Amino acid sequence: MKLSTMAKLAAAAACLALAPIPGSAQTYPTKPIRFIVPAPPGGAIDILARLVGEKLAASMGQPVIVENKPGASNNLGTDLLAKSAPDGYTIGIVGGSHNINKYLFKDLGWDPEASFAPIVYTHVVPLVFAIHPGVPAKTLPELIAWFKANPDKAKVATSGRGSAQEMAAEMLQMMSGTKLLMVPYKGSSQAHPDLLAGRTALYIDTISAIQGHVKSGAVRAVAVSTAKRSPAMPNLASADEQGLKGYDANTNGGILAPAGTPKEIVAKLNAEINKALKQPDVTAKLEGAGIQVQGGSPAEYAALIKSDLAKWKKVIDAAGLQPE
Amino acid sequence: MDLFANLALGFSTSLSFTNLAYCFVGVFLGTAVGVLPGLGVPATVAMLLPATFVLPPVSALIMLAGIFYGAQYGGSTTSILVNLPGETSSVITALDGHQMARQGKAGRALATSAIGSFFAGTVCTLLMAMFAPPLGAMALEFGPAEYFSLMVLGLVASIVLASGSILHALGMVVIGLLLGLVGTDVNSGAQRFALGISELIDGINFVVIAMGMFGLGEIAANLQNADTRELTVKKVTGLWPDREDWKRIWAPILRGTALGSVLGLLPGGGAALASFGAYALEKKVSKNRAQFGKGAIEGVAAPEAANNAGAQMSFVPMLTLGIPANPVMALMIGAMVIQGIQPGPGVITEQPALFWGVVVSMWTGNVILLVLNLPLIGLWVKMISVPYHFLYPMILVFCAIGVFSLSNATFDVHLMVLFGLVGYVFKKLDCEPAPMLLGFILGPMMEEYLRRALLLSMGDPMTLVNSPLSAILLAIAAILLVLVLLPAFGKTREEAFQEN
């Protein structure tokens with residue numbers, strides 16, 4: 001009798017395993033979707049999540065609830081996403097730190113590749129080499145030459161450990177052979193006054209944060225950090241164009257699901273989010289804020305994460321930064 | 001004259017029906033956010049940000065600005081009534097404001113706070129209209145060395161703040177400094193005192209400590225003592241300041257406004273010092289200094305004027321230079337950028353209607369706040385006559401909701417409870433939480449600015465005295481320190497401290 005019960009149970013378990021799990025791709029979604037933002041409200045990925053979330057809710061017929069879970073350089077929210085059920089009802093957006101933090105933090109509790117199923121590459125924000133107008137340089141080679149001639153003035157503002165701004169400066173140091181003094185700040189708004197007053201010479205900041213000061217003439221832009229020029233500043237030559245071959249720094253991000261999320265659901269989300277990203281009002285709002293909208297397949301995003309991880313590992317090793 | 005043409009343009013913009021309506025929505029929301037403990041202004045502004053994309057830029061900014069200074073009004077209300085400062089700036093108001101409420105003078109305290117804020121708001125609107133661009137440029141003169149020296153001055157002033165023993169105050173400042181060290185070191189990225197808890201990597205949130213120490217600690221202490229359990233121990237007397245009160249508050253309001261408008265200009269923590277500084281100043285110059293900490297009306301008037309002045313003047317660097325003085329300003333810059341407006345010196349010339357409209361809306365907003373808040377005073381005062389056994393569970397729930405909403409973390413709620421216990425113990429030991437909070441706020445900033453100043457000067461400490469501004473601030477701090485410590489060497493030591 002006991003054995004037969006066991007057999008029945010085993011049979012039932014087998015049936016369950018074979019049967020389509022509730023909430024599979026055909027019917028998905030049947031309940032609200034939780035959209036984790038590992039940063040406080042107001043930043044690039046938060047704005048993007050809210051804009052995309054609104055469109056997703058409309059197109060999929062279920063509410064999309066944006067949940068901010070900031071803290072520890074985005075690690076807290078990312079950890080929450082990695083450990084959520086892989087059923088398509090929890091997704092999250094990550095920023096540039098996703099492909100950097102692995103090398104700067106001990107015991108992350110998640111892996112940027114293994115813990116996630118990438119859904120779509122959403123955006124890239126180029127950085128601008130902004131210098132104090134008192135620095136006698138109009139181009140990047142002139143700036144590098146000036147730094148080499150004036151090592152005591154080679155002061156570069158960064159946005160703290162692991163920030164895109166710091167990584168871009170370390171990349172400059174690595175590729176140009178200059179010695180730079182890194183001066184960390186807690187973000188753009190703190191770094192700007194000292195740059196405007198000439199206490200620091202250079203700040204490689206996001207185009208969205210610095211473009212106002214470039215337009216007003218308070219700082220001078222000498223190069224854009226991405227391999228290609230930015231549509232927001234089409235006249236500004238890239239670092240690569242100006243002779244720093246292969247220089248390519250930016251802060252980018254995309255939308256992920258926990259690893260193990262069914263492929264069909266990932267495909268459906270990918271299609272819907274791609275559609276949302278192409279809506280003119282979404283594009284206009286994001287581009288206005290200096291965020292270049294991307295898109296594409298899950299595989300393309302996975303490949304980008306892999307290549308970015310390799311790129312930043314090289315820079316971090318060259319800079320000798322240790323995980324904390 | 002330009003000034004009048006500009007103000008006229010500002011009035012015509014801000015008094016349009018739409019803008020007036022958004023101004024009202026803003027200050028109303030702001031008051032609500034300020035009254036609800038813990039629910040912060042940055043979070044509210046951030047959540048409303050996407051909604052403002054569809055508004056005209058002027059209306060959007062007017063509304064967001066309204067939330068910001070509306071919350072300064074609202075924050076004082078809970079400070080005075082239930083001793084719950086939800087914003088950094090209202091910590092000081094709680095000291096004397098809540099004592100006044102306990103003596104049945106809640107109405108007078110609230111009215112004083114509203115009048116002081118309104119006066120400061122009016123003066124600052126005029127100041128901004130006349131001097132915004134040159135004042136903005138002044139903010140850039142403040143480098144890391146100057147900030148460090150300003151913080152030192154603030155910390156020395158915090159010892160003056162204490163109404164009890166100076167030793168207790170010093171001890172509390174040190175505890176605050178130590179708590180401020182928790183988190184990630186900005187220079188190296190190393191974790192300090194985070195105990196391996198990932199929620200502590202960014203440090204402890206100010207609201208968690210304030211709610212725990214003031215809110216929970218206070219409730220625990222009250223429950224133990226049946227006599228003080230009711231929030232008002234005396235009959236409510238008068239909702240409006242009388243002749244005597246007016247005589248006592250006008251000078252503190254003037255001084256608070258002056259101090260607040262200078263400190264508010266400094267991005268990077270200047271405004272946080274405004275209310276603390278104004279209180280410390282009054283305590284030194286007031287004839288009624290003996291009453292400070294026991295319900296002195298000057299102790300409400302000065303810091304309230306100062307924090308409103310500070311809040312309003314913090315718009316100057318944002319509007320004229322594109323440099324945000326605090327996270328709320330940073331969000332507003334975000335809103336402007338998305339609207340296609342580049343914050344910076346160009347705003348005044350390219351978008352005069354926007355600039356002057358926002359500046360003048362701050363005055364109309366202050367009028368709305370006054371009209372909105374004065375009639376509410378009667379209601380608020382009735383609220384605290386609710387029996388304590390109904391009131392305190394409500395306060396606990398609001399504290400918990402507010403703290404949870406900071407970053408959707410239950411960890412913060414647990415931490416608040418821990419600080420509640422700590423607050424209770426400190427209360428029993430006669431140690432005031434205010435100096436600790438000041439140490440907590442200023443400590444990390446002081447360290448950051450000092451290390452940055454030394455980094456920029458390549459390790460030369462002379463950078464702190466080479467700048468005249470920094471040298472003057474340090475000198476004032478030294479003089480103040482001597483003045484505070486002098487009685488300690490005299491025979492009158494005990495009396496001096498007990499009275500101060």
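I call a residue buried if 20 or more other C-beta atoms lie within 10 Å of its own. That is the cut-off I kept beside me while going through this predicted model.

**Entry: strand 4 of chain A**

Next I looked up its partners.

- Strand 9 (residues 250-258) of chain A pairs with strand 4 in the antiparallel sense, over 9 bridges. Within that pairing I noted H123(A), whose bridge partner in strand 9 is G253(A).
- Strand 7 (residues 202-206) of chain A is also antiparallel to strand 4, with 5 bridges. Here L127(A) has T206(A) as its bridge partner.
- Strand 8 (residues 220-224) of chain A runs antiparallel to strand 4 and is joined to it by 4 bridges. I found V128(A) opposite V224(A) of strand 8.
- Strand 10 (residues 292-293) of chain A pairs with strand 4 over 2 bridges, again antiparallel. V124(A) is bridged there to Q292(A).

**Entry: helix 8 of chain A**

I then checked the length of helix 8 (residues 263-278) of chain A. At 1.5 Å a residue, its 16 residues should span 22 Å, and I read 23 Å between the end C-alpha atoms, which agrees.

Which residues of helix 8 are buried? My list has I265(A), V266(A), L269(A), N270(A), I273(A), A276(A) and L277(A). Looking down the helix axis, I see these buried residues within an arc of 135 degrees, so they line one face of helix 8. On the other side of the helix, K263(A) and K278(A) are exposed.

**Entry: the two domains of chain A**

Where they meet, 15 residues of domain 1 are in contact with 11 residues of domain 2. Helix 10 (residues 298-319) of chain A gives the most to the domain 1 side, with 4 residues. By class, that side has 9 nonpolar and 6 polar residues, and no charged ones.

**Entry: chain A against chain B**

Last, I turned to the contact between the chains. How many residues does each chain bring to it? Chain A brings 42 residues and chain B brings 41. On the chain B side, helix 3 (41-52), helix 14 (327-338) and helix 19 (433-456) each supply at least two residues. I sorted this side of chain B by class and wrote down 23 nonpolar, 15 polar and 3 charged residues.

Technical notes
Residues are numbered from 1 along each chain as its sequence is written. Chains are lettered from A and ligands numbered from 1 in the order in which they are written. This is a predicted model: local features need pLDDT of at least 70, side-chain atom pairs count only at pLDDT 80 or more; totals for chains, interfaces and linings use all residues. Two residues are in contact if their C-beta atoms, placed from the backbone, lie within 7 Å. Ala, Val, Leu, Ile, Met, Phe, Trp, Tyr, Cys and Pro count as nonpolar, Asp, Glu, Lys and Arg as charged, and the others, Gly among them, as polar. The expected span of a helix is 1.5 Å times one less than its number of residues. A residue is buried if 20 or more other C-beta atoms lie within 10 Å of its own, exposed if 12 or fewer, and partly exposed in between; C-beta atoms are placed from the backbone. The arc is that of the directions from the helix axis to the C-beta atoms. Two strands pair if DSSP finds at least two bridges between them.
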